[in-house]
Amino acid sequence: MRRRALVISSLAAIAALACAGAPPAPGTARVFGTLRLVPHEGAPRPSSGGAYGSLRMRDASLVDYSKPGFAVVYVAEDAKPGGAATIEVRDTQVDTRLVPDALAIGDGGRMTVVNASGKAHIVSYPAAGLVKRLAAGERLEIAVPAAGEQGLFLLDVPEATATLFAAPGRFTVVSTSGEYELRDLEPGAAVLRAWHPRFPPIARPVELAPDASVRVDLEMGVGIAGEAAPR
């Protein structure tokens with residue numbers, strides 16, 4: 001029995017070390033944690049009258065607060081992080097859409113729009129002042145003009161939209177289980193920020209020490225103090 005307990009303890013220790021991840025690069029810092037959505041007081045519950053208790057809103061779905069969905073955690077830095085991202089125009093059995101409908105990239109990066117559908121479509125990217133007709137199979141590369149939340153649209157398919165978040169510093173997309181990790185950060189005082197397409201952004205101060213990891217668990221929701229825009 002004692003041997004079994006020791007084996008279980010050893011396995012638990014190994015699992016804990018695996019979750020903690022490898023140490024950051026020498027002289028830098030690492031921050032990790034979870035992002036949790038918090039329902040506001042009086043948030044409606046499903047009922048026979050529809051998700052919001054109203055027949056007029058029977059087709060609307062409640063926010064699943066147990067899952068963060070698409071969200072980005074980042075820190076602002078002097079240098080633009082850049083990077084690349086691709087979004088496709090795709091035909092499905094029922095409609096034409098932009099895939100993915102939410103994506104993240106670093107400020108200063110480049111985005112490629114690929115028309116993978118069977119016919120031409122008109123792509124609109126207001127943040128870059130762009131409206132362009134893309135033939136079937138055509139590709140378009142666009143420089144991301146600024147940091148922040150931006151929209152992409154198909155003007156000939158009003159329901160086809162996508163949201164792009166351009167981060168002004170090192171960033172990561174939150175996992176489906178709500179976990180995040182940022183590595184190789186500059187030591188010192190920093191502000192950890194989170195963006196979600198459906199909730200106000202939040203900001204949390206954090207002190208980063210060289211060669212160390214710090215855990216910061218974040219909460220987002222209606223009424224939780226945040227910021228109007230990334231910095």
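Through how many residues does a hairpin join strand 3 to strand 4? Four residues. Before more detail, the ground rules. This is a predicted model, where local features need pLDDT of at least 70, side-chain atom pairs count only at pLDDT 80 or more, and totals for chains, interfaces and linings use all residues. Residues are numbered from 1 along each chain as its sequence is written, and side-chain values use heavy atoms, with hydrogens and water left out.

Back to the strands. Strands here are DSSP runs of E, at least two residues, and helices are runs of H or I, at least four, numbered from the N terminus. Two strands pair if DSSP finds at least two bridges between them. Strand 3, residues 84-91, pairs with strand 4, residues 96-99, in the antiparallel sense over four bridges. Val 89 faces Leu 98 there, in strand 4. Strand 3 also pairs with strand 6, residues 110-115, this time in the parallel sense and over six bridges. In that pairing, Thr 86 stands opposite Thr 112.

Next, aromatics. Rings of Phe, Tyr and Trp (its six-membered ring) pair if their centres lie within 6.5 Å; planes under 30 degrees apart are stacked, over 60 edge-to-face, the rest tilted. The structure holds four such pairs. One is Tyr 65 with Phe 199: tilted, 6.1 Å centre to centre, 50° between the planes. Tyr 65 sits in the loop between strand 1 and strand 2, and Phe 199 in strand 15, so the pair ties together parts 134 residues apart in sequence. Phe 199 is buried, at 8% relative accessible area. Buried means under 20%, exposed over 50%, partly exposed in between (1.4 Å probe, protein chains only).

Now Phe 70 and Trp 195. Their ring centres are 6.2 Å apart and their planes at 80°, so this pair is edge-to-face. Phe 70 is in the loop between strand 1 and strand 2, Trp 195 in strand 14, 125 residues apart. Phe 70 is partly exposed at 21%, while Trp 195 is buried at 5%. Phe 70 and Trp 195 form one aromatic cluster with Tyr 74 and Phe 165.

Last stop, Thr 28. This residue lies in the loop between helix 1 (2-20) and strand 1 (29-37). Is Thr 28 buried or exposed? Buried, with a relative accessible area of 12%. Its side chain makes a polar contact with the side chain of Asp 184, at 3.5 Å. A polar contact is a pair of N or O atoms within 3.5 Å; within protein, one must be able to donate a hydrogen and the other to accept it, and residues adjacent in sequence count only if both atoms are side-chain atoms.
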